[in-house]
Every structure is written in C-alpha cells, then in structure tokens.
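Hi,

Here is the structure I said I would pass on. Have a look at it first, and then read my notes below.

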Number of protein chains: 2
Amino acid sequence: MNRDGETTLPPADDHAALAGRRADSHERILAVAYDLFSRRGVRDVGVNELIERSGVAKATFYRHFPSKDSLVLAFLEQRDQLWTVNAIVAQAKLRGTTPKDQLLAIFDVFGEWFRQDDFEACSFINILLEMGPAHPLGLASIDYLSRIRGHVQALAEQAGLDRPEDFARSWHILMKGSIVSASEGDTLAAKRAQQMAGWLIEHHSG
Amino acid sequence: MNRDGETTLPPADDHAALAGRRADSHERILAVAYDLFSRRGVRDVGVNELIERSGVAKATFYRHFPSKDSLVLAFLEQRDQLWTVNAIVAQAKLRGTTPKDQLLAIFDVFGEWFRQDDFEACSFINILLEMGPAHPLGLASIDYLSRIRGHVQALAEQAGLDRPEDFARSWHILMKGSIVSASEGDTLAAKRAQQMAGWLIEHHSG
DNA sequence: AGTGAGTAAGACCGGTCTGTCTGTACCCGA
DNA sequence: TCGGGTACAGACAGACCGGTCTTACTCACT
C-alpha cells in the first residue's frame with residue numbers, strides 16, 4: 001500500500017520535482033521509522049521523535065501516514081523485504097548449493113546476525129509479543145512470520161522433504177528460539193539450532 | 001526481597017493486626033500486579049490501574065514499592081516461583097518417573113498451557129524483548145530465564161546426559177521457540193518441540 | 001502576476017504516564 | 001486522652017502521548 005508513493009502517485013505525472021519531494025518525505029519518514037522501530041521497538045518511539053529526526057512537519061507526517069499504526073504497518077512491510085527476503089533468505093540461497101544446504105545456511109546467516117553489536121532481535125516477534133495477537137499490528141506480525149515459514153516450506157519442497165508444512169513449523173521454532181536465546185546473550189544459539197535443524201532434515205528425508 | 005513483608009518485618013512484633021494490614025496491602029498489590037502484568041505486559045498496565053484495582057491509596061502503593069520497576073521486580077520473582085517452579089518444573093517432575101521422562105513431560109505441560117484461552121506467553125521473554133537486554137528489568141528477566149535453564153540442566157545431570165549445559169541451552173531454544181509459536185496460534189507447537197527434544201536427548205545420551 | 005498544492009514550524013487538544021504531596025480518618029499503646 | 005503510625009482519597013506536577021489545526025512560506029503551472 002505504501003510503495004504507491006513511488007509508482008502510482010506520479011504515474012503519467014511529469015511534475016518530477018513535486019513528486020520527488022513527496023516521495024522524499026515519505027521515504028525519509030519510513031527510513032527513520034525503520035531505524036528506530038527495529039532498534040528500539042514500536043512503543044518506545046513516539047511520533048514527535050520520528051518527525052524531528054526525519055526533518056518533516058507534523059502535518060506532512062500525517063499526510064503520508066494517517067496514523068502511527070499505519071506507519072508501523074509500512075515499517076513491517078519494509079522489514080519483510082529488507083530483512084526476511086534480502087538479508088536472510090537471499091543470503092542463505094547464495095551460500096548453499098542444494099536446497100538442504102540453503103536451509104542450513106539460514107543459521108549461518110543468523111550466527112553473523114547474532115554477533116552484531118547492535119543486534120535488535122526480530123521486529124515481528126517483538127511487536128507480536130508487545131501488542132498481543134489480537135491487535136492489528138500483532139495480526140500483521142503473525143502474517144509476516146507466516147511468510148518466513150513460507151520461504152522455509154518452499155525450500156523444503158524443493159528438497160523433497162516429507163510433510164513440508166510440518167517441517168517448516170518445526171524449523172521456525174528453531175529460528176525463533178535461537179533469536180530469543182541470542183537476545184539473552186547466547187552467541188552460540190545459531191550453532192545449537194543448526195545442529196537440531198540437521199536432525200530435523202534427517203527425519204523428514206524419505 | 002519482598003517476602004520480607006511477611007517474615008522479617010513483624011519478627012518478634014506482637015502488633016499482629018498492624019502487621020497483618022501491612023502484609024495485606026503488600027500482597028494485594030502484588031496479586032493484582034501478577035494478574036495484570038502476566039496477562040497484558042508491563043508497559044500496558046499503569047500505576048493508577050494497579051492502585052484502583054487493589055483498593056489501595058497511592059501513598060500506600062509507593063510505601064510498599066518505591067517505584068513501578070521495583071514492583072515489576074517483585075512480580076518477576078513471584079512469576080519465577082508460581083510459574084517456573086510450581087507450574088512447570090514441579091508438574092513435569094510429577095508426570096515423569098525417570099529424569100528423561102520428566103524432561104520430556106515439560107512439553108506435555110506446555111501443550112496444556114498453550115491451549116488455555118487466556119494464554120499469556122512467558123513474562124520473562126516478553127519483558128526482555130520489551131525493555132531490551134540493557135534495562136534492569138531486561139537483565140532481571142535474563143537471570144530468571146537462566147534459572148529455568150538451570151532446572152533443565154539439573155535434570156540433564158540426573159539423567160547422566162553429556163555436556164548438560166549445552167544440552168540445557170539447546171533445550172531452552174526449543175522451549176522458547178515453541179512459546180513464540182504458540183503465541184502465533186500454533187497449538188501443536190509443544191508436540192513439535194517435544195519431538196525435537198527427543199532427538200536432543202538421544203544425541204546427548206552416552 | 002496569480003493560484004493552489006505542498007511544505008515547515010509549532011501551538012494546541014485531551015488524555016495518559018510516573019511520582020509527590022495534602023488532608024483526613026482510624027487504631028494503637030502510653 | 002493524646003501522639004504516632006498507617007490508611008484512604010485524591011489533587012497536583014511535569015512530562016509525554018497521538019493527533020488536529022493554524023500560520024506563513026516556497027514553488028510549479030496557468
């Protein structure tokens with residue numbers, strides 16, 4: 001819904017500068033929101049701070065995003081693209097040759113992610129637990145978490161594993177558990193999860 | 001630090017009624033806090049609501065707990081006792097005969113817990129992710145999570161498993177991952193984790 | 001030159017938050 | 001009978017929240 005700012009708003013519009021400014025504001029707000037929300041969570045970052053940091057007027061903010069929650073939804077969508085797709089899935093596919101190797105490589109990527117000094121855990125889990133599963137933002141987080149499971153399930157199907165959905169759900173338990181353990185400070189959490197992930201692959205291999 | 005209200009405050013004190021009233025207020029606040037914090041999280045429950053629900057004056061509240069955070073710390077301590085020890089560990093020990101069975105029974109208890117209609121996830125994980133690992137409450141949560149791991153490690157040692165600490169850390173990944181999955185609505189998360197837990201026991205059995 | 005859309009800056013609204021402080025009533029032992 | 005400690009009730013402070021609205025400015029297009 002938010003990529004409209006770039007594609008559909010100035011479709012055959014030749015007001016390049018005007019459209020550019022609008023897109024600038026929109027994307028600048030979103031970039032600031034991505035940075036702050038992913039590092040500090042949703043509740044801890046107020047609208048006023050977002051406005052100040054993105055150098056935008058309050059009216060402009062509310063023109064682009066009718067509420068804070070709608071900005072959070074846009075943030076979640078971008079998080080799905082930048083983190084889930086680009087940072088995890090694409091990286092894992094680059095590192096493995098076979099689908100099984102690509103699955104296991106997820107935890108290699110996790111291992112490096114966990115070691116970052118500004119490791120910020122998983123925004124989808126954070127927001128789900130922070131807002132609860134009944135809140136619209138919690139529901140959206142559940143949806144994006146299911147997309148992660150979808151990537152795993154697709155790789156499981158490519159690998160010819162048995163019961164790919166059950167496989168993906170168990171795999172996801174290992175992913176989420178290792179993330180929480182990393183939040184506690186266990187830097188070897190990815191390795192531990194990867195070991196169990198190997199057993200899971202074995203038990204789903206025909 | 002908070003059970004003092006019952007034991008050390010009126011040690012040789014014969015003012016029974018006075019001491020009783022003090023303890024009443026203290027424990028009434030704590031009981032309300034336990035209910036609200038565990039169901040809705042720490043940030044979502046304000047001091048005013050705690051005061052109103054426990055039928056206590058604000059000054060009385062701040063006499064017993066100098067700050068909201070100190071009440072949260074007392075809540076975490078009670079959560080460790082009522083949930084970790086009494087509801088999970090003790091229950092699991094009741095259900096299993098051997099240490100290995102007792103370990104696996106943890107996920108039987110989890111399965112029933114996940115199915116409760118007012119399933120509220122794990123307060124330690126919630127607060128850790130909500131406040132961050134640097135916040136005093138996050139640090140306290142990390143400590144209580146490590147106590148859970150300590151219970152697992154003790155059972156692993158009784159079972160004669162290899163490298164009990166590594167075992168407990170991997171086991172804990174399964175526990176935490178299944179809790180997050182249950183928050184998403186996967187009611188079979190406990191069964192999935194239990195299956196992987198069985199493989200983990202095998203690989204740590206001499 | 002004038003118009004209108006978009007902008008920045010920020011006052012303002014009602015409400016919430018944690019925490020302090022005042023006033024009043026009770027009960028107890030001296 | 002009176003003083004001290006505790007209790008309740010609630011006003012209050014100061015900060016922040018999300019969100020609305022006003023004002024003045026810029027700038028592209030007619």
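Start with Ile88(B): setting aside neighbours within four places in sequence, Ile88(B) is in contact with Trp83(B), Ile106(B) and Val109(B). By contact I mean that the C-beta atoms of two residues, placed from the backbone, lie within 7 Å. Ile88(B) sits in helix α5 of chain B, residues 68-95. Helices here are DSSP runs of H or I with at least four residues, strands are runs of E with at least two, and both are numbered from the N terminus. Ile88(B) is partly exposed, because 19 other C-beta atoms lie within 10 Å. The cut-offs are these: a residue is buried with 20 or more other C-beta atoms within 10 Å of its own, exposed with 12 or fewer, and partly exposed in between.

A word on what you are looking at. This is a predicted model, in which local features need pLDDT of at least 70 and side-chain atom pairs count only at pLDDT 80 or more, while totals for chains, interfaces and linings use all residues. Residues are numbered from 1 along each chain as its sequence is written, and chains are lettered from A and ligands numbered from 1 in the order in which they are written.

Another residue to look up is Arg28(B), in helix α2 of chain B (residues 16-40). Arg28(B) is partly exposed, since 16 other C-beta atoms lie within 10 Å. Beyond its neighbours within four places in sequence, Arg28(B) is in contact with Ser54(B) and Val56(B). The C-alpha atoms of Arg28(B) and Ile51(B) are 9.9 Å apart, and the two residues are 23 apart along the chain.

Now chain A as a whole. It has nine helices and zero strands, and 38% of its 206 residues are buried. Of the contacts in chain A between residues at least 6 apart in sequence, 55% join residues at least 24 apart.

In the interface, 31 residues of chain A are in contact with 30 residues of chain B. On the chain A side, α6 (123-131), α7 (136-158), α8 and α9 each supply at least two residues, and α8(A) gives the most, with twelve.

Helix α9(A) is worth a look too. Its buried residues include Ala193(A), Met196(A) and Leu200(A). The buried residues of α9(A) pack against α5 (99-115) and α8 (164-184) of chain A, and against α9 (164-184) and α10 (189-204) of chain B.

Last, Ile125(A). Not counting residues up to four places away in sequence, Ile125(A) touches Lys176(A) and Ile179(A) in chain A, and Leu129(B) and Val180(B) in chain B.

Cheers
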